[in-house]
Amino acid sequence: MKKVLMLFLLSCTVLISAQKKFVKKKTIVKKSFSPKTNPDLIKINDSIPALIPQKLDGKFGFINQKGKVVIKHEYSNVGFFTEDCMLLNSPNEKVRKFGSKDYASARLYDVDFRIDQSGKRVYKFKNEDLGKCKPEFKTQLFHAYILMNKYGIIEDSKFENPGDYRQYTIYPQYDYLHILEGDDLKNPMIIASYQNKFGVIDVHNKVIIPFEYSDIKRNFSWKLARLFEVTKDGKNYYYIDINNKGY
């Protein structure tokens, strides 16, 4: 009888062991939550901002890279979504966050605000909140040079003799030249005027933007946003990228 009982218990142990081998373990899948991307802020061109200032009927707003109005035209002036060093260095720690590139400065009825990418006015400028900006100065490698009323480009470290045409980076041939401030000192963008039309060239005299504009503004739009502010009629300005696409 004992032998029969032992055989029974042994068979039960083997059966239970076999069943355990076929039981699948449940795997717990952890769901990861990531913030939804605003479709209005999706970039087509990664080198320029998602939101671009636009003037319409005398008022400024913002469009996205597809040309859709994201922030309505109601301001007398706006800037790019970029850092504000006076707020970043504010003595008031609570407002320093509004100095980041997530916000843009906008003027409404002579009052200056910082707005977020939805257009909400999140901060009103106060003089007591403004800190001091650390001066940033980078010596330019190239400069415009005038010879016989024509503009060319010289590289300061290599230029000594105006009579030697080989020392010119670009021999004087343009009606006007202006080197734009930017991050790439070795290959700056240069606003050029030729036969009463404006375009953009580089230091190799390669045409970047064709000579088809009546004016191109000499401002910080290239440095801040890799955009040029142009006009064809002398009145209505808009932005173009390095591929001459308008916004």
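Is Tyr145 buried, partly exposed or exposed? I looked this up in what is a predicted model. Tyr145 has a relative accessible area of 21%, so I log Tyr145 as partly exposed.

Aromatic pairs. I searched the whole structure and got 14 aromatic pairs. I took one of them, Tyr145 with Phe159, and noted a tilted arrangement, with 55 degrees between the planes and 5.0 Å centre to centre. This pair joins distant parts of the chain, 14 residues apart: Tyr145 belongs to strand β8, while Phe159 is in the loop between β9 (150–155) and β10 (168–174).

Disulfide. My search of the whole structure for disulfides returned one. Cys85 and Cys133 form the bond, and I read 1.7 Å between their sulfur atoms. I get 85 degrees about the S-S bond, and the link of Cys85 and Cys133 is right-handed. The two cysteines are 48 residues apart and link distant parts of the chain, with Cys85 in helix α2 (residues 85–88) and Cys133 in the loop between β7 (121–124) and β8 (142–147). I have Cys85 at 31% relative accessibility, so Cys85 counts as partly exposed. Cys133, at 35% relative accessibility, also goes down as partly exposed.

Charges over rings. I found Arg121 over the face of Phe113, 5.6 Å from the ring centre. I also noted Lys217, whose charged end sits over the ring of Tyr237 at 4.5 Å from its centre.

Methods. Residues are numbered from 1 along each chain as its sequence is written. This is a predicted model: local features need pLDDT of at least 70, side-chain atom pairs count only at pLDDT 80 or more; totals for chains, interfaces and linings use all residues. Side-chain values use heavy atoms; hydrogens and water are left out. A disulfide is a pair of cysteine sulfur atoms within 2.5 Å. Helices (H or I, at least four residues) and strands (E, at least two) are DSSP runs, numbered from the N terminus. Buried means under 20% relative accessible area, exposed over 50%, partly exposed in between (1.4 Å probe, protein chains only). Rings of Phe, Tyr and Trp (its six-membered ring) pair if their centres lie within 6.5 Å; planes under 30 degrees apart count as stacked, over 60 as edge-to-face and the rest as tilted. A charge sits over a ring if NZ of Lys or CZ of Arg is within 6 Å of the ring centre and within 35 degrees of the ring normal.
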